[in-house]
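Dear colleague,

I am passing on to you the structure that we spoke of, and I would be glad if you could look it over before reading my notes. The sequence and the model come first, and my notes come after them.

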Amino acid sequence: MKFANLLTAALMASAASLGIAGSASAQSNEEVQVLHWWTSGGEAKALSTLKDKLQGEGVAWVDVPVAGGGGEGAMTVLRSRVTAGDPPTASQMLGFDIQDWAEQGVLANLNDVAAAGGWDAAIPEAIQKFSKYEGEWVAAPVNIHSTNWIWVNKAMFDELGLSEPKDWDGLIAALDKIKAAGKTALAHGGQPWQDATIFDSVVMTTGGPDFYQKSMIDLDPEALGSDTMKTVFERMAKLRTYVDDNFSGRDWNLATAMVINGEAGVQIMGDWAKGEFLNAGKQPGTDFLCYRFPGTQGTVTFNTDQFAMFQVGENAQDAQSKLAAAIEDPAFQVSFNTIKGSAPTRTDVSDEAFDACGKKAIADVKEAAEKGTLLGSLAHGHAARAAVKNAMYDVVTAAFNGDYTPEQATQELVTAVAGAQ
Ligand code: BGC
């Protein structure tokens, strides 16, 4: 995150903590102060369903938004607030970050709300692993996103006679055709978390789920340093040839906008991208297409947004419980996730209200969970702890920008991961 953005975020965060943010209604005596990074059009629209629900229950919402996809900026602000003794009531968090905060003993216990809402039976095991610490519920998962998707401008595919690419070669053939037609083939923003989001899919399609497990989750040095990983970096370098000249630093939602408005053909991004298409009034199957990243069908690299509550005193507890209960309410799971682009986190929610991409997301998660191929996204903190994730980001981004050959990048990855553990 740029320093200026960070500063703005920090100022906004402290303004919110002083009650200046203004969205808390005067009549309500209960409030939640919620730190999050859902600031794009689609994200904000999805979040407003939660704000409205809480406000309907008499709980005022004090918004603490910290822009920056992937949440790196938000986590920096969160750390500084907790260090300053001023934690928010609740914060969005991903994967291993929840475990890190729980280890520090600052998160509230949500067991009672979880028991009342039947969370144990409804939420998949792979997600509970992150929501629970030493067997106690410490976070309320709101969705299941995944990173191994591509988002396609349908008119462009039709015009060029392209159909769904089924494997790596198919993807390259499609990208070549778009490039040859004078368009930007790949809409991308050069930010480490976005580079890493592509990396999730390239590792999966190149090595398959066993290799993904060994390299990204088990951090096995042999897998990290293998010829397969070298191929991954060769493929990342190949993808780099399809982005436009202005890709550096671009926000993810601006890259999605390039696909929406026909400037670019394809974006490799998690299914929060669908929220942007919908927010722009676009329909799946008519205006845009959602495909699993070619060669990864049957696997899901997931990330789940969760809300953890900080121990900020007894006064806050009732509002915190209401927030946690609202998140797992089955009707809310539908209204939120149909807008956000994600699958519900509860498996007992019907897919009826979801569009074709949403139905596919739900079916794919179910299939992957059954097959043991529902694996955590490295890019979004569900494969390895933040220190390792950040060390991998550095190598992936440097390689993507041409600072390393694929051979060097592979060696650097082994060294970086070893150093970060
Ligand atoms: C979150 C998504 C969010 C995306 C972009 C991811 O880390 O899980 O909910 O939409 O970042 O901001």
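Predicted model: local features only at pLDDT ≥ 70, side-chain atom pairs only at ≥ 80, totals over all residues.

The domain assignment divides the protein chain into domain 1, made of 3-144 and 305-369, and domain 2, made of 149-301 and 370-420. Taken over C-alpha atoms, the centres of domain 1 and domain 2 are 26 Å apart. Where they touch, 34 residues of domain 1 are in contact with 33 residues of domain 2. The size of an interface is often given as the accessible area lost when the parts come together. For domain 1 and domain 2 that buried area is about 2,900 Å², with 54% of it on carbon and sulfur atoms. Within domain 1, the residues that lose the most area to domain 2 are Phe96, Cys357 and Ala368, which together account for 20% of what that side buries.

The interface also holds polar and charged pairs. Between domain 1 and domain 2 there are six salt bridges, and 20 residue pairs across the interface are found in polar contact. On the side of domain 1 that touches domain 2, at least two residues come from each of helix 2 (41-56), helix 4 (95-103), helix 7 (125-131), helix 16 (330-340) and helix 17 (356-371). Helix 17 gives the most to that side, with ten residues. By type, the residues of this side of domain 1 comprise eleven nonpolar, eleven polar and twelve charged ones. Lys366 and Glu370 form a salt bridge through their side chains, at 3.5 Å from N to O.

Helix 4 deserves a separate look. Seven of its nine residues are buried, so that helix 4 is mostly covered. The buried residues of helix 4 are Gly95, Phe96, Asp97, Ile98, Gln99, Trp101 and Ala102. After helix 4 comes Gly105, which has a positive phi, near 70°.

Turning to the structure as a whole, it holds 19 salt bridges. Side chains of opposite charge can pair when their charged atoms come close. In one of these pairs, the side chains of Lys322 and Glu30 meet at 2.9 Å, N to O. This pair links distant parts of the chain, since Lys322 lies in helix 15 (residues 317-327) and Glu30 in strand 1 (residues 30-36), 292 residues apart. Lys322 counts as partly exposed because its relative accessibility is 27%, whereas Glu30, at 15%, counts as buried. Glu30 and Lys322 also belong, with Asp318, to a network of salt bridges.

Asp355 is in the loop between strand 14 (343-344) and helix 17, while Lys274 is in helix 14 (residues 273-279), 81 residues apart from it. Lys274 is buried, because its relative accessible area is 1%.

Finally, the side chains of Lys53 and Glu57 meet in a salt bridge at 3.2 Å, N to O. Lys53 counts as partly exposed at 24% relative accessibility, and Glu57 likewise counts as partly exposed, at 33%.

With kind regards

Key: Residues numbered from 1 in each chain as written. Heavy atoms only, no water. Domains from an automatic or database assignment. Contact = heavy atoms within 4.5 Å. Buried area = accessible area lost by both parts, 1.4 Å probe. Salt bridge = Lys/Arg side-chain N within 4 Å of Asp/Glu carboxyl O. Polar contact = N/O pair within 3.5 Å; in protein donor to acceptor, adjacent residues only side chain to side chain. Helix = DSSP H or I, 4+ residues; strand = E, 2+ residues; numbered from the N terminus. Nonpolar A, V, L, I, M, F, W, Y, C, P; charged D, E, K, R; others polar. Buried < 20%, exposed > 50% of the residue type's maximum accessible area, 1.4 Å probe, protein only.
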